[in-house]
Amino acid sequence: MTKSHNKSIQQKKGLHPRNPHRERYDFSALIKTMPALQSFVKTNPFGDLSVDFSDPAGVKVLNKALLHHFYQVKAWDIPEGYLCPPIPGRADYLHYLADLLAETGNNKIPTGKQIKGLDIGMGANCVYPMVGHRVYGWQFVGADIDPISVKSAAFMVEANTSLKTGIQCRLQSHPDNIFVGMIGANERFDFTMCNPPFHASLAEAAKGSERKVKNLAANARKKGTEKFSKAPSAKGKPVLNFGGQKAELWCPGGEAAFIQRMILQSADFKTQCLWFTTMVSKKDNLKGIYQQLKQSNAKDVKTIEMAQGQKVTRVVAWTYLDEVARAEWTSNWQSK
């Protein structure tokens with residue numbers, strides 16, 4: 001394993017340069033695309049148009065508008081209570097993956113159906129495969145342990161003509177498995193991606209939700225917009241504006257345990273995938289992840305920093321292929 005995990009491919013604060021969400025939302029344009037957004041958009045005390053980001057309904061309709069306006073995904077919805085992810089951050093992960101593939105090949109981003117990715121835990125929202133296919137033309141397999149999530153994602157893929165031939169949705173019937181059953185015997189992936197469950201228990205997830213609601217309220221008071229933004233609640237309990245079910249929010253051992261299990265299992269597919277990658281939200285988990293990758297004999301490990309405002313997350317990528325094998329792999333991109 002090289003020492004490249006100590007360096008970041010991109011350390012600049014803010015969204016990726018190719019991310020179309022770098023600027024403030026153009027609500028006038030979004031409302032033209034999705035008229036239903038109109039009722040959630042208000043003028044804040046600074047005279048700017050905005051939505052109440054503590055309102056789950058408003059966040060959901062905003063996502064619909066963004067996916068329709070920027071990615072031509074016209075049919076998008078999620079079951080009540082399921083994770084409604086922020087689109088800008090999801091898009092960032094994909095753009096940095098594109099840079100990783102370019103760096104591995106001939107410094108040109110490979111596009112089209114020749115590139116195949118596996119999204120571990122795609123959720124009911126299926127956002128990573130949708131955005132990745134629409135922006136780069138990549139083929140995707142989306143995997144999840146929740147039957148409702150798989151059914152929801154498959155329904156949306158079928159409902160959007162532009163996605164039908166680019167995304168497959170697969171149910172992982174064994175929750176302890178990550179790659180087994182999702183990667184066929186003769187199947188190869190150029191990358192895998194994952195936004196693992198963050199919390200270690202339901203109680204911890206609930207506390208995280210409460211903190212988020214309190215932070216939203218505190219920020220509103222600080223900006224003088226507390227009358228504009230009111231955190232919703234249900235029976236005295238805060239409502240998580242982005243939602244989420246158990247498999248989406250927590251698992252035993254939390255993020256660290258999930259990623260370590262992923263690394264252990266990835267070694268069984270070392271010749272069938274060019275890059276394995278995962279989001280890492282907690283910086284303190286990096287040390288254990290690097291140790292696990294060293295024990296698994298990864299040939300190269302890279303850490304990619306991403307930032308959205310003051311929030312910094314990172315993607316850890318690893319490969320079991322040496323430079324010669326990687327060159328041979330990427331040479332196939334040029335021949336197709």
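In the predicted model, asparagine 297 has a relative accessibility of 54% and therefore counts as exposed, the threshold for that class being over 50%. This residue belongs to the loop that runs between H9 and S10, and its phi angle lies near 65 degrees, a positive value in a residue that is not glycine. A positive phi, again near 65 degrees and again in a residue other than glycine, is found at asparagine 107, which is placed in the loop between H3 and strand S3 (116-120). Asparagine 107 is likewise assigned to the exposed class, because its relative accessibility is 67%.

Serine 296 is also located in the loop between H9 and strand S10 (300-308), but with a relative accessibility of 9% serine 296 is classed as buried. When neighbours within four places in sequence are set aside, the contacts of serine 296 are with Ile263 and Tyr320. Ile263 belongs to H8, where Ile263 is joined by Ile259, Gln260 and Leu264 in meeting Gly288, Ile289, Gln292 and Leu293 of H9. Sorted by class, this contact of H8 with H9 comprises five nonpolar and three polar residues, with no charged residues. The axes of helix H8 (residues 254-266) and helix H9 (residues 286-295) come within 10 Å of each other and cross at roughly 15 degrees, so that H8 is roughly parallel to H9. The crossing in which H8 passes H9 is right-handed.

On the side of H3, the contact involves Ile87, Arg90, Ala91, Tyr93, Leu94, His95 and Ala98, while H4 contributes Val127, Tyr128, Val131, Gly132, Val135 and Tyr136. By class, 10 nonpolar, two polar and one charged residues take part in the contact of H3 with H4.

Beyond H4, glycine 137 is situated in the loop that leads from H4 to strand S4 (139-144). Once neighbours within four places in sequence are left aside, glycine 137 is in contact with Gly112, Lys113 and Gly132, and Gly132 is also one of the H4 residues that take part in the contact with H3.

The side chain of arginine 170 makes a polar contact of 3.1 Å with the side chain of glutamine 168. If residues up to four places away in sequence are not counted, arginine 170 touches Val141, Gly142, Ala143, Asp144, Val150, Met182 and Glu187. Lysine 42, in turn, is placed in strand S1 (residues 41-43), and its relative accessibility of 47% makes lysine 42 partly exposed. Lysine 42 and aspartate 52, which are 10 residues apart in sequence, have a C-alpha to C-alpha distance of 8.3 Å.

Histidine 69, a residue of helix H2 (residues 56-71), is also classed as partly exposed, in this case at 30% relative accessibility. Apart from residues up to four places away in sequence, histidine 69 touches Ala29, Leu30 and Thr33. The side chains of histidine 69 and threonine 33 are joined by a polar contact of 2.7 Å, and the C-alpha atoms of these two residues, which are 36 residues apart along the chain, are separated by 6.0 Å.

For the protein chain as a whole, 10 helices and 11 strands are assigned, and buried residues make up 49% of its 336 residues. Of the contacts with a separation of 6 or more in the protein chain, 75% are accounted for by residues 24 or more positions apart.

Notes. Residues numbered from 1 in each chain as written. Predicted model: local features only at pLDDT ≥ 70, side-chain atom pairs only at ≥ 80, totals over all residues. Heavy atoms only, no water. Polar contact = N/O pair within 3.5 Å; in protein donor to acceptor, adjacent residues only side chain to side chain. Contact = heavy atoms within 4.5 Å. Helix = DSSP H or I, 4+ residues; strand = E, 2+ residues; numbered from the N terminus. Nonpolar A, V, L, I, M, F, W, Y, C, P; charged D, E, K, R; others polar. Buried < 20%, exposed > 50% of the residue type's maximum accessible area, 1.4 Å probe, protein only. Axes fitted to C-alpha atoms, helices over the stretch in contact; angles between N-to-C directions. Parallel < 35°, antiparallel > 145°, perpendicular 65-115°, else oblique. Left-handed = near helix turned anticlockwise from the far one by under 90°.
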